[in-house]
Amino acid sequence: MTVAPSVGNYVTGWCNITSYLPPVGQYTYSVTLVPGEVTINASFVGNNKIVRPSSKPIHNCPQYIPEGDNLSCTCTLSDLGSPPGVLQWNTTGSAELRLTSVQAGNTGTHTCQLWWNNTVVQSVEYNFTVTYGPKTVTAVVLSSQPFDTNGLQDIGLNCSVSGSNPPSTISWIRSDNKRVLCNTQLCTLTPRPPDDDGLKIECLATNPVTNRTNSSSVTLALNYPPTSPPVITGNPTLHEGQPVYEGDSLTLTCTVRGGKPSNATVITFTCPNRTDTPDSSFNSSSVTSSLTFDPVTSYNHGNCSCTAAWKSYDWYKQKSNWNIDVYTSPSIPVIFPLSDIPGRPAYPFMAGTSGRLGCRSNQTGRPEATYSWPVPATGQASGSNLTFYNLSREDNGRTVKCRASNDYTENRRPVDDATLVLQVYSCRLLYVIDCQFLSVIRIVCLRTQQQSPHSDCTEFLQRCSQPTAPYPPLSTWTRVIARTAREVQKFVDPRFPRCRGSQPTEDIVINEQSWWVNFTIDQVPCEASGVYRCDVNNSLGQDSQSRTLLVYCAPRGTFGDKNINTTSGKGELTVRMTAYPTPMVKKIIFLGHGSSDGELVKENNIYVECSASSLAPAAVTCNVTVINIGNSDEGFYRIVFSNGFGDMPFTFFVKVSDQASQVKSKDNNIPAIIGGVFAVLVVVVIVIITVFLVQRHRRRVRRRSSDEEWNCLARM
């Protein structure tokens, strides 16, 4: 207690008391003075109420502190209690927490404490995080590079970030349009070639607290197929559907643009009759393949196919076609007689009647040839037909010519005209009895010194075709055996005109100075066609006459090997038959492997050319050539030959051989072509010489025999 003098004997003073805080409550205090036993109520400085703090301390310290920054924050409390408590950080001893240049290693727990009644009655902990980074960002393409794609395959990307607290957010961004592709570490996308080839993609890592960023980029390398089909062009330049001519030079080029790498695109370029490996070239943007035709042949007519494939995938397999329309020359035409009456021989012509000739090429060319008659004699031309009205003896020996022409012959090279020397028989000529009415035919060689009174009145039945064997030498002279007109009359065909307007009515009388010899062919066959000569001689001299026997018959024959083995889509077969006139091809049918109906064959698949010599006109040889034959064309074929007297079907089998082991160069065909052309020229020369000699001989005979008369004979 502390006192001090006052007035008189009085003193003043005060006393302090210190004690532990009592339990919570409100208290009063008094002081008793001794001596005197005076009790004085003590005055209270402050609050006489004891209250424990009820609230919890709080602070304004941040959770994240960027590395290298300073920290300054305060701890506060709304109710310190009574008497008031004291707030302080355990690390600083004050209500304020200060740290300078915080580093990543500055970790630990800071506690803000409320001291009251010498006791920590409230506290709060504070843990801060030092933020940093991202320091390292690595972006990679998970798929192998370059990446094969056709625009439908996914590619994976990965972005690794290290040295970041808290973890950074990741964004994948296209470099061309800044579009965000993904927001995850692993990114899957579908690149679109060719636009995305070489595309740069950035992985951007961002610290979410500090917004600090770091990045890494990848560049896409793509392999991809072309996007457009092959394109075929020609040199010289050709428009769609424009033809080329046989013998010209042509180069076709197939080009495929796009695709990477270009040498991954494989081109297969094929054309009819071309199996050679094409020349190919590459550059950075395209691949080309060329086929050269030098020269173009008829076998090249048809569809060319350029197929392009990329690597071993099915992503790109496209095909383009180009049709080579090869214009070809028709073969030398053939002139042949036409008959309007069944059973009546069409040729030779008969004076006083009408006759028709037809003209056609066995190979009509492309486009199909048209026919004209530059030398029609006295006939009237109508397309491929030439008609003669009221023929006379003067028409005998006249020459007619037929010409075959098409676009090829007009623009490149014409073909030779067909030439025929007319044979017009009159009653002065020898006639042959109808070999269809009779089982025996006799060819009569007759000389007379005195004209028979009925020699110009005999009707004839039918002239048969040419035999192939010559007359036997004359060995005996035989007296003419008279025949009655009645015997002849029963074989007369009223469809034929009468010789000089009359017919025999009584027995035919032959002068004693006339002789004749018979050459008899029993059951005359078509093979008997040919030239026959009758030689006459006596002590005063000699003479001879030739006659042509033409036996008309439908095609027939016995055939051996009926198979054609093709090599490189081509094969040949020779068919020999008996027929007169020479047959033409009526139709060609593909039967396949046993079909009875079949379908007509395309024009450019099978060529047939039939021919016969003038010495053996009924011995016909037909060459069958097949071209452009693929596996789908293998099977049976049927050719129907026809000559106006009947049809003959011929069936054969076409087999496709192994192309790879039997490919031959096209140059190997050149000697065969030259040999064939030479053979045709030889035959043509022989025919011309024969016609010339026959005409010359006829003129000589007419001069020698002006006083002779050939009787019209008919026999049973």
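Colleague: What makes W310 count as buried?

Modeller: This is a predicted model, and in it W310 has 0% relative accessibility. Buried means under 20%, so W310 counts as buried.

Colleague: And W315, why is that one called partly exposed?

Modeller: Its relative accessible area is 26%.

Colleague: How do you describe a pair of aromatic rings?

Modeller: By the distance of the centres and the angle of the planes. The search of the whole structure turned up 15 aromatic pairs.

Colleague: Why is the pair of W310 and W315 called stacked?

Modeller: The ring centres of W310 and W315 are 6.1 Å apart, with the planes at 20°. Rings pair if their centres lie within 6.5 Å, and planes under 30 degrees apart count as stacked, so this pair is stacked.

Colleague: What makes Y552 and Y580 edge-to-face, then?

Modeller: Here the centres are 5.3 Å apart and the planes stand at 75°. Planes over 60 degrees apart count as edge-to-face, so that is the name for the pair of Y552 and Y580.

Colleague: Which parts does that pair tie together?

Modeller: Y552 sits in the loop between β46 (541-549) and β47 (553-556), while Y580 belongs to strand β49 (residues 571-580). The pair therefore ties together parts that are 28 residues apart in sequence. Y552 and Y580 are both buried.

Colleague: Which residues do ring pairs link into a cluster?

Modeller: F590, Y637, F650 and F652 are linked in that way.

Colleague: Let's turn to the cores. Which residues touch the most other members of the largest nonpolar core?

Modeller: They are F349, L357, W373, F388 and V400, out of 30 residues in that core. Strands β35 (355-360), β36 (370-375), β38 (385-388) and β39 (399-405) each supply at least two residues. The largest share, three residues, comes from β39.

Colleague: What does W373 touch, leaving out residues up to four places away in sequence?

Modeller: Among them are I335, L357, C359, L386, V400 and C402. There is also a second, separate core of 24 residues, including A579, V601, C622 and V626.

Colleague: And how many helices and strands does the protein chain have?

Modeller: Four helices and 55 strands. Of its 716 residues, 41% count as buried. Among contacts between residues at least 6 apart in sequence, 69% join residues at least 24 apart.

Conventions. Residues numbered from 1 in each chain as written. Predicted model: local features only at pLDDT ≥ 70, side-chain atom pairs only at ≥ 80, totals over all residues. Heavy atoms only, no water. Phe/Tyr/Trp six-rings, centres within 6.5 Å; stacked < 30°, edge-to-face > 60°. Buried < 20%, exposed > 50% of the residue type's maximum accessible area, 1.4 Å probe, protein only. Core = buried A, V, L, I, M, F, W, Y, C linked by side-chain atoms within 4.5 Å. Contact = heavy atoms within 4.5 Å.
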